[in-house]
Amino acid sequence: MRIAMIGTGYVGLVSGACFSEFGVHVTCMDKDKGKIDQLLRGEIPIYEPGLDDLVAKNVKAGRLTFTLDLAEAMKGADAVFIAVGTPTRRGDGHADLSYVYAAAEEIAANLDGYTVVVNKSTVPVGTGREVEAIIRKVRPDAEFDVASNPEFLREGAAIGDFMRPDRVVIGAESERARDTMRRLYRPLHLIETPIVMTNRETAELTKYAANAFLATKITFINEIADLCEKVGADVHDVAKGIGLDGRIGKKFLHPGPGYGGSCFPKDTLALVRTAQQHEAPVRIVETVVDINDKRKKSMISRIVAACEGSLAGKTVAVLGVTFKPNTDDMRDAPSLDIVPALQAAGAHVRAFDPAGMHEAAKLLPGVDWCADAYQTLEGADCVAILTEWNEFRALDLNRCKALLTRPAMVDLRNIYNPAEMAAAGFLYSSIGRGSAPAGRQAG
């Protein structure tokens, strides 16, 4: 089989490389000459563990190619995937579909023989119908189907998610399109991956519903963490106690400074706007969006408290600025709220991130970027952990104490044990690990 992948961003490049690993001939197309030139040189424009080796292997095998020419990419293709960005539209919170619709027009001009046009981008309900109308208007004679095939890739674990997914969701309106998609995903069928076949609207909504539900779990445990601090409970034990319930599950019950990244913020907001537009508001998701926005901003108070009530003239060491580990993605990262707030309160910020500093430097001016974690701590009054990179989990605490002006740590990812930190002489604070309230004995 042959496919074309329009867009070499996160979804397009990972999906294209993984399909080529299945034995499919994939041509990835992008209008960004800089990206294509990078890829032709063997350079990967995004950070994703294992992607460089996967791309190199399949380029060498002749199954994966890159081009600026859509006609070349679509020549002989059984399916063409739209994997362009759908950012939040300024002003109203809806998904911006201009790139999707532009791609549809260009696909229409280059159709040659029966082709399945597949929306891989995250799009609101009804987008597939609009894409079909656009193509039909440009090429009323064309033989094609439009399908929806949402991605469920986690940044930092995307290759594993694609090659061994929980499920594949395919929304298609004809048996011919469904057969093409089944053949494309045949390697996953052989390992008994559930293939959920449905109509386009259901597939489109499934993606939004999944992300909104996961964002709700994160927000729920964050609020429970705040309650734990008030009543003397430990949020990790609460999360374990409820997560062992098979109806709930243990994933996405890790407290922190709020969710970020390329999916949850924009997808929850887009779902809210779509629901409002159809007069079927999703009140729970509306509340989740509001709580998450406020939570990121509220984290500054924890760092102020660790600095004895004032940040004026203080130096704060920040470890991790990406929204999660194993990615260089800065989109809606909590650091984008926390770092400017620290600076506005009079603090000087020193920071280090294993992968995100190049992008972060464009978004966080005035930060002193450091070579490693220990350099970041030199002369700081407090250290704040914003991202749980593995290399931050086993810092030499004695060395950290010697480098800090005050041994104060605000651990917004709960990667250290409070008792061990207290024994090491740190003024340590985390999220959702409350001590027993006054007047009550612990234990």
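I began with a cut-off: a residue is exposed when its relative accessible area is over 50%. I kept in mind throughout that this is a predicted model.

**Two glutamates with positive phi**

I looked up glutamate 279, which lies in the loop between helix 12 (264-277) and helix 13 (283-298). Its relative accessibility is 73%, so glutamate 279 counts as exposed. I noted that glutamate 279 has a positive phi of about 60° although it is not a glycine. Most residues other than glycine have a negative phi. I then turned to glutamate 308, in the loop between helix 14 (300-306) and strand 9, and found that its phi is also positive, near 60°. With 58% relative accessibility, glutamate 308 is therefore exposed.

Next I traced a sheet of 6 strands, which is open, has the order 11-10-9-12-13-14 and is paired in parallel. Its edges are strand 11 (368-369) and strand 14 (427-429), each of which pairs on one side only. Within this sheet I followed strand 9 (residues 315-319) alongside strand 10 (residues 348-352), where the parallel pairing runs over 5 bridges, and I found alanine 317 opposite arginine 350 of strand 10.

Which way do the residues of strand 7 (residues 168-171) point? I saw Val168 and Ile170 pointing one way and Val169 and Gly171 the other way, and all of them are buried. In a regular strand the side chains alternate between the two faces of the sheet. Strand 7 pairs with strand 8 (residues 195-198) in the parallel sense over 4 bridges, and valine 169 has valine 196 as its bridge partner in strand 8.

**Nonpolar cores**

I looked up the largest nonpolar core, which has 41 residues, and noted that Ile3, Phe19 and Phe81 have the most contacts inside it. Helix 1 (residues 10-21) gives the most to this core, with 7 residues. Leaving aside neighbours within four places in sequence, I found phenylalanine 19 in contact with residues including Ile3, Val24, Phe81, Phe162 and Leu184. A second, separate core has 37 residues, among them Ile107, Leu111, Ile135 and Leu271.

**Helix 6 against helix 10**

Last, I checked helix 6 (residues 127-138) and helix 10 (residues 200-231), which pack at an angle of about 130° with their axes 8 Å apart. The two helices, helix 6 and helix 10, are therefore oblique to each other. Thr127, Gly128, Arg129 and Glu132 of helix 6 make the contact with Arg200, Glu201 and Glu204 of helix 10.

Terms used:
Residues numbered from 1 in each chain as written. Predicted model: local features only at pLDDT ≥ 70, side-chain atom pairs only at ≥ 80, totals over all residues. Heavy atoms only, no water. Axes fitted to C-alpha atoms, helices over the stretch in contact; angles between N-to-C directions. Parallel < 35°, antiparallel > 145°, perpendicular 65-115°, else oblique. Contact = heavy atoms within 4.5 Å. Pairing = 2+ DSSP bridges. Core = buried A, V, L, I, M, F, W, Y, C linked by side-chain atoms within 4.5 Å. Buried < 20%, exposed > 50% of the residue type's maximum accessible area, 1.4 Å probe, protein only.
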